[in-house]
Amino acid sequence: IIHGKLFQDRRFLEIDYAQGRDVPPGYISKIAKTLEDWVHSCEAIYNCLDAQIQIANAEKSKRLEKKKDIEQK
């Protein structure tokens, strides 16, 4: 078990403390790979959410423009 802070923009994990069993030789690379895969998943989710936000903002802008046109008419 580890406890720390993940800085996704710098791809850095700051560990405050760790507890658990001794890690067998060669297992550190597996842990690093798992964390790297997790970061990639987080980045993919972030990119998807960012795209959805941009689509929503564009739709909102279109609706506001349409509303202004209707009010002007």
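This is a predicted model: local features need pLDDT of at least 70, side-chain atom pairs count only at pLDDT 80 or more; totals for chains, interfaces and linings use all residues.
## Basis of the model

Local features need pLDDT of at least 70 and side-chain atom pairs count only at pLDDT 80 or more, while totals for chains, interfaces and linings use all residues. Residues are numbered from 1 along each chain as its sequence is written, and side-chain values use heavy atoms, with hydrogens and water left out.

## The hairpin

Strand S1 (residues 2-7) pairs with strand S2 (residues 12-18) in the antiparallel sense over six bridges; strands (E, at least two residues) and helices (H or I, at least four) are DSSP runs numbered from the N terminus, and two strands pair if DSSP finds at least two bridges between them. Four residues lie between S1 and S2 in this hairpin, and Arg11 in the turn has a positive phi of about 55°. Phe7 has Phe12 in S2 as its bridge partner.

## The largest pocket

The largest pocket holds about 250 Å³ of space. Its lining has 13 residues, of which Ile2, Ile15, Val23, Ile28 and Ile31 lie nearest the centre. S2 and helix H1 (27-72) are the elements that give two or more residues to this lining, and H1 gives the most, with five residues.

A pocket here is an open set of points on a 1 Å grid over the protein atoms alone, where a 1.4 Å probe fits, with protein on both sides within 12 Å along at least five of seven lines; lining residues have an atom within 4 Å of a point. Grid points are joined across faces, edges and corners, and a volume is the space filled by probe spheres set on the points.

## The second largest pocket

The second largest pocket has a volume of about 200 Å³, and the residues that line it include Ile2, Leu6, Arg11, Phe12 and Trp38.
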